[in-house]
Amino acid sequence: MDTIYMDHAATTDVDPDVIDAMLPYFRHYYGNPSSLHSFGAKAAQDLEDSRLKVAKGINARPEEIIFTSGGTESDNLAIKGIAYKNSRQGKHIITSKIEHPAVLNTCRFLEKKGFEVTYVPVDNSGIVNIEDLKDSIRTDTILISIMHANNEIGTLQPIDEISKIAKTNEVYFHTDAVQTVGKIPIDMEKIDVDLMSLSSHKIHGPKGVGALYIKKGVSIEPILHGGEHERGIRSGTENIAGIIGFAKAFELATSNLENNSKKMLKLRNHLIESVKKRIPESYLNGHQTKCLPNIANLRFSFIEGESIVLMLDMKGIAASTGSACSSKNLKASHVLESIGLQPEVSHGSIRFSLGKDNTLEEVDYVVDSLETIIKKLREMSPIAKM
Ligand SMILES: *Cc1c(COP(=O)(O)O)cnc(C)c1O
């Protein structure tokens, strides 16, 4: 069997149709959209077509889409953009303990600049407690930033309820939906979100490109200053080829969402059930059903996730411990800690994130391999013997 890739929450392969869509923009249509000649006009036109495609995928208006260099920049732009613009109204921000580092570290940076941040806790399935959220709102609160779906455990947040609380209290609401696109339908006419982060490389698009949705009427301070591109909100010559690829990937992800999600959910449930049936002392981290269809974060007692990942890799299987961002340092995952797992317990966790092209045979092979690996590791583990 070929190698099996089950780390789609870290990044994905670029769809061949996306590559085909991008190539002419390197070879032929390399104009700068700001130029007056026909090279520029072509680039400007295709940039706007891409904006329309992304907007359409989430039922937004094209003028509400600002292209960025990816999810990290979109999170920074949303949070700093609102913070800087509204600092005279207040300097209090609310987020959750399980956000992506792009949100958490932006908030920590703002704390050093005089803002105050409340990090609301989550329950043991990873869901924000709505009462805690309500209680944390103050008269000087300007922004709530809570992710749509968590990248480590896949848990979905009740963003409808959160948006209502934000509206009632006249506070801006930002959500990081990087993991949600192509898995859960998003309709900006139905959810009341002010800002939403999107990224291309988690949905079979190229790396280094993404977007920030900014609801019509919401004004933010730019963090990059220059030639006033993207209506002055994000200066810098547009990454046309990347944006073309992102828009194509977005179109594919949103138009095939239902089929892909159904397929991935079936595989996810099969993986979880098979593991629980065949491997003793194995558990699911996160929520069984209020979850992305493609993430299964599994925990095995008495062993270390890193060893499992390395042994799976020797069998040609790519999975990850916690999140890719933190897997190089052996610090316990802040997400697993927030759902109440002690470091020595959470260490035995491993994240499988499925993609639209994974198959049932692959899942079965992964479960077979896991069974062998866990058994071997437990035989070597002194705590398992006790
Ligand atoms: C991957 C990811 C990001 C970062 O996006 P990049 O495009 O890699 O900068 C932000 N938030 C979440 C939830 C992610 O999974």
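Predicted model: local features only at pLDDT ≥ 70, side-chain atom pairs only at ≥ 80, totals over all residues.
1. Ser 301 and its contacts. Leaving aside neighbours within four places in sequence, Ser 301 is in contact with Glu 281, Tyr 283 and Arg 378. The residue sits in the loop that runs between β10 (295–300) and α9 (305–314). Ser 301 counts as buried because its relative accessible area, 16%, falls under 20%.

2. Side-chain distances to the ligand. Which side chains have an N or O atom 2.7 Å from a ligand oxygen? Gln 179 is one of them, and Ser 199 is another. For Lys 202, the distance from a side-chain N or O atom to an oxygen atom of the ligand is 2.8 Å. As for cover, the ligand taken alone exposes 380 Å², and the protein buries 88% of that.

3. Thr 68. This residue belongs to strand β2 (residues 65–68). Is Thr 68 buried or exposed? Thr 68 is buried, since its relative accessible area is 5% and the limit for buried is under 20%. Its side chain makes a polar contact with the side chain of Ser 74, at 2.8 Å. Not counting residues up to four places away in sequence, Thr 68 touches Glu 73, Ser 74, Leu 77, Gly 208, Val 209, Gly 210, Ala 211, Leu 212 and Arg 234.

4. Cysteines. How many disulfides does a search of the whole structure find? The search finds 0. A disulfide is a covalent bond between the sulfur atoms of two cysteines. Two cysteines can be described by their accessibility. Cys 107 is buried, with a relative accessible area of 0%. Cys 291 is buried as well, at 7%.

5. Asp 2. The residue lies in the segment before β1 (4–5). Asp 2 counts as exposed because its relative accessible area is 67%, and exposed means over 50%. Asp 2 and Ile 317 are 315 residues apart in sequence, while their C-alpha atoms are 9.1 Å apart in space.

6. Positive phi at Asn 59. Phi of Asn 59 is near 55 degrees, a positive value in a residue other than glycine. Where does Asn 59 lie? Its place is the loop between α2 (38–57) and β2. Asn 59 counts as partly exposed, at 37% relative accessibility.

7. Positive phi at Glu 170. Glu 170 is not a glycine, but its phi is positive, at about 50 degrees. The residue is found in the loop between α6 (159–168) and β6 (172–176). Glu 170 counts as exposed because its relative accessibility is 75%, and the limit for exposed is over 50%.

Definitions and conventions. Residues numbered from 1 in each chain as written. Heavy atoms only, no water. Polar contact = N/O pair within 3.5 Å; in protein donor to acceptor, adjacent residues only side chain to side chain. Areas by Shrake-Rupley, 256 points an atom, 1.4 Å probe, with all protein chains shown as cover. Disulfide = S-S within 2.5 Å. Buried < 20%, exposed > 50% of the residue type's maximum accessible area, 1.4 Å probe, protein only. Helix = DSSP H or I, 4+ residues; strand = E, 2+ residues; numbered from the N terminus. Contact = heavy atoms within 4.5 Å.
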